[in-house]
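Please open the structure in a viewer and keep the sequence at hand. The tour moves from the whole chain to selected side chains.

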Amino acid sequence: MQWAGVRSSSPAPTAAWMGRRPRTARWPRGRLPAARRAVVASAAASDANSSSNSPGKDEEREEVARREKEEKAAASLLMRSQKYAMLKQQLAVAAQFEDYKEAARLRDLLRSFEEEEPVLRLRGLMRKAIEEERFEDAAKYRDELKLLAPHSLLKCSSDATTLGIRVQVRSVYIESRSQPLKGQFFFAYRIRITNNSQRPVQLLRRHWIVTDGNGRTENIWGVGVVGEQPVIFPRTGFEYSSACPLSTPNGRMEGDFEMKHIDKAGSSTFNVAIAPFSLSILGDDNDVLL
């Protein structure tokens, strides 16, 4: 039998059999059909809306913006405070060396600075409003100060009484021992402890919480004060002075004294509060020590 010339009933070879990949349908390059473009745009808009309308996202953005604003304000206040401290120090040096022409120039610069410095200006406006009984204006200036420099509303003095033991504190900036260009600011404070109770007490230990202008906090504990553990009898007092260096031109201190009654054996100790007070080169309305 001859097979030549006989047509086979099997199917003809396909492109795959010939070693070529079959073509598949695909979107033309560089463009999308109108229907698909509409679907993609709708999905993107939906994602954007869900992201922007998320309460959590909005609160997070607001919090970041608030922090950035506070950091910028703090940095600006730090630069102004350093300039103010430097001018005061230069004025003191010029007066010490009897360079009165330079002292007069620096005095005028300081006056101009104090008139333009926002914290000092707002303080002055608030004080004047209180004196003139314009309390609505005083409240407005106070609120502006809270936003600009919250620490500025804290006085450089404090007064607190615990179980009849009164503790008064007053701080002051010491220009002669400070070096603003090196970030060294020196503050002195004077403390008066008055025993208004009917029992004698002894001061055993002290505890300070010192916070600088950047919010860094340090706890300091010690035995007694200025090398003593004084006994304070009723209707008498004890006073001493000490100091605190800071790396920023403003900060705050607060703490407590551990004391005990000595008129009865076995008396337990108790803590006497030292109310918060400011450490500030700008001072406040009363720079007189106790």
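The stops below begin with the overall fold and then turn to aromatic residues.

This is a predicted model, in which local features need pLDDT of at least 70, side-chain atom pairs count only at pLDDT 80 or more, and totals for chains, interfaces and linings use all residues. Residues are numbered from 1 along each chain as its sequence is written, and side-chain values use heavy atoms, with hydrogens and water left out.

**Whole chain.** Along the sequence the pattern reads α-α-α-α-α-β-β-β-β-β-β-β-β-β. Of the 290 residues, 31% are buried (under 20% relative accessible area; exposed is over 50%, partly exposed in between, with a 1.4 Å probe and protein chains only).

**Trp208.** Select Trp208 and Phe257 next; the two rings form an edge-to-face pair, 6.5 Å centre to centre with 80 degrees between the planes (rings of Phe, Tyr and Trp, its six-membered ring, pair if their centres lie within 6.5 Å; planes under 30 degrees apart are stacked, over 60 edge-to-face, the rest tilted). Trp208 lies in strand E4 (residues 201-212) and Phe257 in strand E8 (residues 250-261), so the pair ties together parts 49 residues apart in sequence. Both residues, Trp208 and Phe257, are buried.

**Phe277.** Tyr189, Trp208, Phe257 and Phe277 form one aromatic cluster.

**Phe233.** Finally, select Phe233, in the loop between strand E6 (231-232) and strand E7 (237-246). Phe233 is partly exposed, with a relative accessible area of 47%.

How values were computed
Helix = DSSP H or I, 4+ residues; strand = E, 2+ residues; numbered from the N terminus.
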